[in-house]
Amino acid sequence: MNRILTYTVPPEYDGEKVNRFLRNGIGLSYRMVRSLKQIRGSMLMDGEYIRTIDPLRAGATLTLTLPRDESTAEPQQADFEIIYEDDDLLVINKPAGLAMHPTHNHQGDTLANAVAYYLQQKGKDAVFRVAGRLDKGTSGLVVCALHKLAASKLAAASEKEYIAIVQGNYTGRGTINAPIIRPDPMKTLRAVGEGGEEAVTHWQAMATNGALSLLKIQLETGRTHQIRVHFASLGTPLAGDEMYGGSTEKIGRHALHCAKLRIIHPITNEALIFTAPLPPDMQTLADEISLEP
């Protein structure tokens, strides 16, 4: 199903070329404009065919038919919770243990496959495009764009807030500013190291029992495994994070959850905020920390 968008040409674009309104007025990327140009009839002004070099009329209705996607993931059913849905995006509460994309280790059992199945049941197709991925073991909010225009705008207009449980005593708030490297290009393992990519993590303590701390975390940068690597580098890995030295005594996966997501809607420009409560395994551990004197 094609996504059709309509815009009323504002007075300041009267006589201006279609291309200028598409690029500056709507914010379409060069590649998106080029793809529209290649499909005759994808751009109409008051129902009439129009080219990117043609002039606009103030008050006219510009109709864009976005190119249809074809899913690249094999549809396969899996459980996940949809927090929000419209014609432009899905906001999903991803369970821990579900990988995002198919890899050599995960074929068919990923969120991309599950989303493809869900959309297929509704007669829709979409390439799986997410604004910021979550590790397989991380639970919480993921936003999935349902077309190229939504994807291009979401990347720069989303902000996440995480909840983590770390092995250490944290109070107050602070910032970890330490570059991250990939010591072995054949492995996913990361580490803090000189000459790495800039990585900045802000944290705020919510509760502690001395041995474990419940933290609220925001990222300035989005490096692979950033939160996990930063706290492990301080000798306080996430609870359950075996890869980075955490203990699985209290929880069987790294204790990290994306709890809040703030986005600007890619089409309506509306500010939206979504939340997802801690899953049972993390909530049980968080309650244990909070109950300590």
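The tour goes from a hairpin to a pocket and then on to some salt bridges.

A bit of housekeeping: this is a predicted model, where local features need pLDDT of at least 70, side-chain atom pairs count only at pLDDT 80 or more, and totals for chains, interfaces and linings use all residues. Residues are numbered from 1 along each chain as its sequence is written, and side-chain values use heavy atoms, with hydrogens and water left out.

**Stop one: the hairpin**

Select 256–264 and 271–275, which are strands S15 and S16 (strands are DSSP runs of E, at least two residues; helices are runs of H or I, at least four; both are numbered from the N terminus). The two strands pair in the antiparallel sense over five bridges, where pairing takes at least two DSSP bridges. Six residues sit between them in the hairpin, and Asn269 in the turn has a positive phi of about 65°. Show Ile263 too: it stands opposite Leu272 in S16.

**Stop two: the second largest pocket**

Next, select Gly132, Arg133, Tyr162, Leu219 and Gly222, the closest to the pocket's centre among its 23 lining residues. Its volume is about 580 Å³, meaning the space filled by probe spheres set on grid points joined across faces, edges and corners. A pocket here is an open set of points on a 1 Å grid over the protein atoms alone, where a 1.4 Å probe fits, with protein on both sides within 12 Å along at least five of seven lines; lining residues have an atom within 4 Å of a point. Colour S9 (158–166) and helix H5 (226–233), the elements that give two or more residues to the lining. S9 has the largest share, four residues.

**Stop three: salt bridges**

How many salt bridges are there? The count comes to 13, taking a side-chain nitrogen of Lys or Arg within 4 Å of a carboxyl oxygen of Asp or Glu.

Select Glu161 and Arg262: their closest N and O atoms are 3.8 Å apart. This pair links S9 to S15, 101 residues apart in the chain. Glu161 is buried at 9%, and Arg262 is partly exposed at 24%.

Finish with Arg133, Asp135, Arg228 and Asp241, which are linked in a network of salt bridges.

Technical notes. Buried means under 20% relative accessible area, exposed over 50%, partly exposed in between (1.4 Å probe, protein chains only).
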